[in-house]
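Subject: Structure handover

Hello,

Here is the structure we talked about. Please open it first, then read my notes below.

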Amino acid sequence: MPELPLPPAVREMLSKPNPAVITTLQKSGQPVSVATWYLLDGDRIVVNMDESRVRLKHLRNDPRVSLTATDADNWYTHVSIVGHVVDIRPDEDLSGIDAQSIHYGGKPYPTRDSPRWDAWIEIDRWHAWGALKDA
């Protein structure tokens, strides 16, 4: 798997509002995958979760994570990252979820009454496929 820094073509793809799946690990080590929004933040990925999400508990127990983003126009082109969470912070003013909601849907996040958390993922390794295979 290639190392950092991310090449411009990969960075460009990850900067778009692409569909993505994140995988966390249960305490037993069993992987759990769910669809997610994400944002590229420098050389890190940031995700946002409602406080009630089980994946928040998973990330607190085991910071290892993988995320695959598929190109919205060509699902065969994708970037997969393997990394670990380096920071989890409360999203007290909902600016984290608003940034992702605006990125994906053009509007601030509509649900304003539930605590949320931001988690920053440091990329350890990545690989790309499809149009980005040789990036």
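Start at I45. Leaving out residues up to four places away in sequence, I45 touches Y38, L39, L40, L67, I81, A119, W120, I121 and I123. Please keep in mind that this is a predicted model.

**The core**

I45 is one of the residues that touch the most other members of the largest nonpolar core. Which elements give two or more residues to it? They are α1 (8-14), β1 (20-25), β4 (44-50), α2 (54-61), β5 (64-71), β6 (74-90) and β7 (116-129). The biggest share comes from β7, which gives six residues.

**The chain as a whole**

There are three helices and seven strands. Their order along the sequence is α-β-β-β-β-α-β-β-α-β. The radius of gyration is 14 Å, close to the 14 Å that the globule rule gives for 135 residues, so the chain is as compact as a globular protein of that length. Along the principal axes, the C-alpha atoms fill a box of roughly 45 × 40 × 25 Å.

Of the 135 residues, 39% count as buried. The accessible surface is about 7400 Å². Carbon and sulfur atoms account for 52% of that surface.

Among contacts with a separation of 6 or more, 70% are between residues 24 or more positions apart.

On charge, I count 15 positive and 19 negative side chains. The centres of the two sets lie 5 Å apart.

**Strand β4: V47 and R44**

V47 sits in strand β4. Is V47 buried or exposed? Its relative accessibility is 1%, so V47 counts as buried. Neighbours within four places in sequence aside, V47 contacts I22, T36, W37, Y38, L67, Q100, W117, D118, A119 and I121. S101 lies 54 residues from V47 along the chain, and their C-alpha atoms are separated by 11 Å.

R44 is also in strand β4. At 34% relative accessibility, R44 counts as partly exposed. With neighbours within four places in sequence left aside, R44 is in contact with L39, V86, W120, I121 and E122. S114 is 70 residues from R44 along the chain. The C-alpha atoms of R44 and S114 are separated by 25 Å.

**Strand β5: S66**

S66 belongs to strand β5. It counts as partly exposed, at 24% relative accessibility. Residues up to four places away in sequence are again not counted: S66 touches V21, I22, T23, I81 and V82. H84 is 18 residues from S66 in sequence. From C-alpha to C-alpha, S66 and H84 are 8.0 Å apart.

**Helix α3 and its two ends**

L94 lies in the loop between β6 and α3. Most residues other than glycine have a negative phi. L94 is not a glycine, yet its phi is positive, about 60 degrees. L94 is buried, with a relative accessible area of 8%.

Helix α3 covers residues 95-105. Which residues of α3 are buried? They are G96, I97, D98, Q100 and S101. What covers them includes β3 (39-41), β4 and β7. An α-helix has 3.6 residues a turn, so residues three or four places apart point the same way. In α3, G96 and Q100 are both on the buried list, as are I97 and S101.

G105 counts as exposed, at 54% relative accessibility; the cut-off for exposed is over 50%. P17 is 88 residues from G105 along the chain, and the two C-alpha atoms are separated by 8.8 Å. After α3 comes G106, whose phi is positive, near 85 degrees.

**Where to look**

For the positive phi values, go to L94 and G106.

Best wishes

Conventions: Residues are numbered from 1 along each chain as its sequence is written. This is a predicted model: local features need pLDDT of at least 70, side-chain atom pairs count only at pLDDT 80 or more; totals for chains, interfaces and linings use all residues. Side-chain values use heavy atoms; hydrogens and water are left out. Helices (H or I, at least four residues) and strands (E, at least two) are DSSP runs, numbered from the N terminus. The radius of gyration is taken over C-alpha atoms; the globule rule is 2.2 Å times the number of residues to the power 0.38. Buried means under 20% relative accessible area, exposed over 50%, partly exposed in between (1.4 Å probe, protein chains only). Contact means heavy atoms within 4.5 Å. Accessible areas come from the Shrake-Rupley method with a 1.4 Å probe; for residues, only the protein chains shown count as cover. Lys and Arg count as positive and Asp and Glu as negative; His and the chain ends are not counted. The place of a charge is taken as NZ of Lys, CZ of Arg, CG of Asp or CD of Glu. A nonpolar core is a set of buried Ala, Val, Leu, Ile, Met, Phe, Trp, Tyr and Cys residues joined through side-chain atoms within 4.5 Å.
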